[in-house]
Amino acid sequence: MLPRILLISGSSKSFKSVRIPFRYCRFFGCVSGISRFERRIRSFGGVDGAPFFSSGFSRARGFIGLIRGFSNEAVKRESMEYDVVIVGAGPAGLSAAIRLKQLCGEKNTDLSVCVVEKGAEVGAHIVSGNVFEPRALDELLPNWKVEAPIHVPVTTDKFYLLSETRAIPLPSPFNNMGNYVISLSGGWDRKQLGVEIYPGFAASEVLYDQNDKVIGIATNDMGIAKDGSKKDNFQPGVELKGRLTLFAEGCRGSLSEELIRKYDLRERGQGQHQTYALGIKEVWEISEDKHQAGFVLHTVGWPLDRRTYGGSFLYHMKDRQVAIGLVTALNYENPFLNPYEEFQKLKHHPTIRNFLERGTVLEYGARTLNEGGFQSIPYPVFPGGAIVGCSAGFLNVPKIKGSHTAMKSGMLAAESVYYSLIEGTPLDEFWERLKGSWIWKELYNARNYRPAFEYGLFPGLALSAFEHYIRKAKSPWTLKHGKPHHEATKARTYGDHDLIFFAAEYSKRIEYPKPDGILSFDIATSLYRSNTNHDHDQPAHLRLKDPKTPELVNLPVYAGPDSRYCPARVYEYVEDENGSSRLHINAQNCLHCKACDVKDPKQNIKWSVPEGGGGPGYTLM
């Protein structure tokens with residue numbers, strides 16, 4: 001019998017039990033089709049008399065008995081105990097789970113592992129390019145080529161500098177030959193036995209003991225109305241306690257950020273703040289005569305201004321599908337810049353338009369990504385666990401890749417966790433393993449590329465070329481990042497006041513063309529293509545720390561940038577009965593991209609997880 005990993009993760013409308021061998025366990029895809037209620041019944045003890053826990057879970061304890069039913073009565077949280085709890089079923093989290101089970105099999109031991117995922121399905125919240133570098137996968141699953149859904153090797157690798165009408169070829173620095181064009185939302189073979197996956201539970205709270213040691217997480221209550229009352233379908237959250245807990249929430253994970261602040265992990269690591277960009281992406285189906293499977297194109301320059309770092313990508317996948325996206329660094333200065341509209345402009349460039357004409361958009365999505373690299377790596381270990389993957393920030397910016405480093409960090413963490421639990425070695429060995437791995441060397445060699453663009457597009461290209469082609473990443477210096485992104489939006493100061501005088505008056509207004517409905521689209525149309533859904537009658541997961549700040553600061557000083565940096569129109573200013581503008585939050589539109597959490601000028605937005613299973617429902621991203 002194969003060892004099994006329990007992954008609690010969205011909802012589906014049919015009941016279907018699916019098991020997969022962990023050697024093929026998909027580290028970024030859905031293998032579940034069980035309704036939320038049926039999953040909850042299973043998690044309490046079984047379905048139709050069948051026991052839920054099987055081999056590999058004999059040590060899971062608690063959470064026994066029957067569900068108490070739907071009522072408005074106060075219900076105490078139930079609790080389950082595991083050896084390891086992993087928050088997030090992306091590349092890092094699932095790689096950690098797989099590696100733990102591999103070690104158990106190799107050494108004839110057993111550890112109970114629980115992976116929780118807020119998405120409706122595993123992969124439902126993941127947005128990535130993705131030109132995948134298989135280095136970590138080769139190490140984790142050496143025989144992955146037999147059944148893994150990775151079929152399109154890179155055949156062409158181009159790099160252009162764009163003006164409004166021209167595309168100037170540049171030497172490609174990406175070295176993508178040997179990599180694969182994939183989707184992080186697609187599925188693996190579901191026929192075999194091995195792993196049960198039950199999506200849809202959001203980790204909303206870190207659990208601590210009396211000594212401030214992390215002892216697990218709690219999922220949020222479900223069936224709470226907007227006014228805080230319990231609805232008929234109320235279900236209490238669950239405490240998932242682990243001897244050790246790994247946080248693999250992805251970029252700007254809310255619990256991971258809490259831990260970084262609480263334990264001063266940034267200061268104990270490389271010391272610099274994290275930097276971010278917003279990636280906006282569509283998947284198109286294009287004409288067969290224009291499709292070139294494995295064709296990869298990256299661009300810099302237009303439509304972004306020369307002070308704003310970013311670039312576009314266009315990847316030809318299988319089945320006439322093309323992934324196109326624009327990455328915009330969130331340290332842009334002009335409050336009138338709108339990343340979504342910049343992406344719409346990009347598609348009208350002659351080089352890009354040529355691929356998309358006569359095509360159809362299949363899906364839309366957006367997500368922030370880490371760009372801080374080596375300088376921003378936090379110390380990953382805290383009392384009771386560790387942070388892995390993009391929650392820590394291992395993305396390689398010049399490669400525009402983070403899946404392979406996220407996977408490797410999860411594998412290294414799993415090894416450290418295993419030996420800590422079985423042999424009693426300090427979990428801090430994860431930090432030493434990390435520094436001794438190829439992740440550290442790769443990010444160190446890439447450390448100066450992103451900060452070089454603090455000086456603008458052309459100085460950045462020159463410095464990067466010097467670093468890449470002349471110095472061969474062996475420069476004796478390490479460049480520093482600029483100011484935190486929420487401080488980068490232009491604002492004038494006056495005297496001792498830090499929010500007086502109006503950025504909007506000193507910034508160039510940007511007038512964007514109306515969408516044509518062929519290549520460019522309004523946000524409502526794009527949002528529909530993201531399959532985003534939240535229960536409207538639940539407490540808002542986006543809250544303002546000070547409700548007056550948008551009207552007193554963001555609107556008069558920055559011309560309301562909240563209405564532009566969000567790629568889902570969550571934030572919009574509307575007039576009240578007195579003719580005054582007030583910020584209205586459409587939380588149900590949220591793509592969970594976290595741009596607002598990064599870019600809001602006064603850091604006035606508190607992002608928390610909504611009910612599990614809510615948010616986008618990506619299948620091609």
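Q: What puts a residue on the contact list of L542?
A: Contact just means heavy atoms within 4.5 Å. With neighbours within four places in sequence set aside, L542 is in contact with V570, Y571, I585, A587, C590, C596, I605, K606 and W607. Keep in mind that this is a predicted model, where local features need pLDDT of at least 70, side-chain atom pairs count only at pLDDT 80 or more, and totals for chains, interfaces and linings use all residues. Residues are numbered from 1 along each chain as its sequence is written, and side-chain values use heavy atoms, with hydrogens and water left out.

Q: What makes a set of residues a nonpolar core, and which members of the largest one touch the most others?
A: The set has to consist of buried Ala, Val, Leu, Ile, Met, Phe, Trp, Tyr and Cys residues joined through side-chain atoms within 4.5 Å. The largest such core has 79 residues, and V181, W284, L314, I324, L542 and Y571 touch the most other members. There's also a second, separate core of 76 residues, which includes V84, V113, L184 and L246.

Q: Why does Q344 count as buried?
A: Buried means under 20% relative accessible area, exposed means over 50%, and partly exposed sits in between (1.4 Å probe, protein chains only). Q344 comes in at 3%, so it counts as buried. Q344 sits in helix α6.

Q: What makes α6 largely enclosed by the rest of the structure?
A: Six of the eight residues of α6 are buried, so the helix is largely enclosed by the rest of the structure. Those buried residues are P339, Y340, E342, F343, Q344 and L346. Helices like this one are DSSP runs of H or I with at least four residues, strands are E runs of at least two, and both are numbered from the N terminus.

Q: How do you know what the side chain of Q344 reaches?
A: A polar contact is a pair of N or O atoms within 3.5 Å; within protein, one must be able to donate a hydrogen and the other to accept it, and residues adjacent in sequence count only if both atoms are side-chain atoms. The side chain of Q344 reaches the backbone nitrogen of F521 at 2.9 Å, so this pair is inside the 3.5 Å limit. Beyond four places in sequence, Q344 is in contact with E282, L519, S520 and F521.

Q: Which residue caps the N-terminal end of α6?
A: That's N338, with a side-chain oxygen 3.0 Å from the backbone nitrogen of Y340.

Q: Why are β9 and β21 said to stand at the edges of their sheet?
A: The sheet is open, with seven strands in the order β9-β8-β18-β19-β20-β17-β21 and mixed pairing. β9 (167-170) and β21 (360-370) each have a single partner strand, so one side of each is left without a neighbour in the sheet. Ignoring direction, neighbouring strands here are turned by 20 degrees against each other on average.

Q: What makes β17 and β21 a pair?
A: Two strands pair if DSSP finds at least two bridges between them. β17 (residues 276-285) and β21 have 10, in the antiparallel sense, so they pass.

Q: Why is S391 called buried, and what does its side chain sit by?
A: S391 has 3% relative accessibility, so it counts as buried. A polar atom of its side chain lies 2.9 Å from the backbone nitrogen of E249. S391 is found in the loop between β23 (385-387) and α8 (403-423).

Q: Why is R268 described as partly exposed?
A: Its relative accessible area is 44%, which means it falls in the partly exposed class. R268 lies in helix α5 (residues 265-268).

Technical notes: Axes fitted to C-alpha atoms, helices over the stretch in contact; angles between N-to-C directions.
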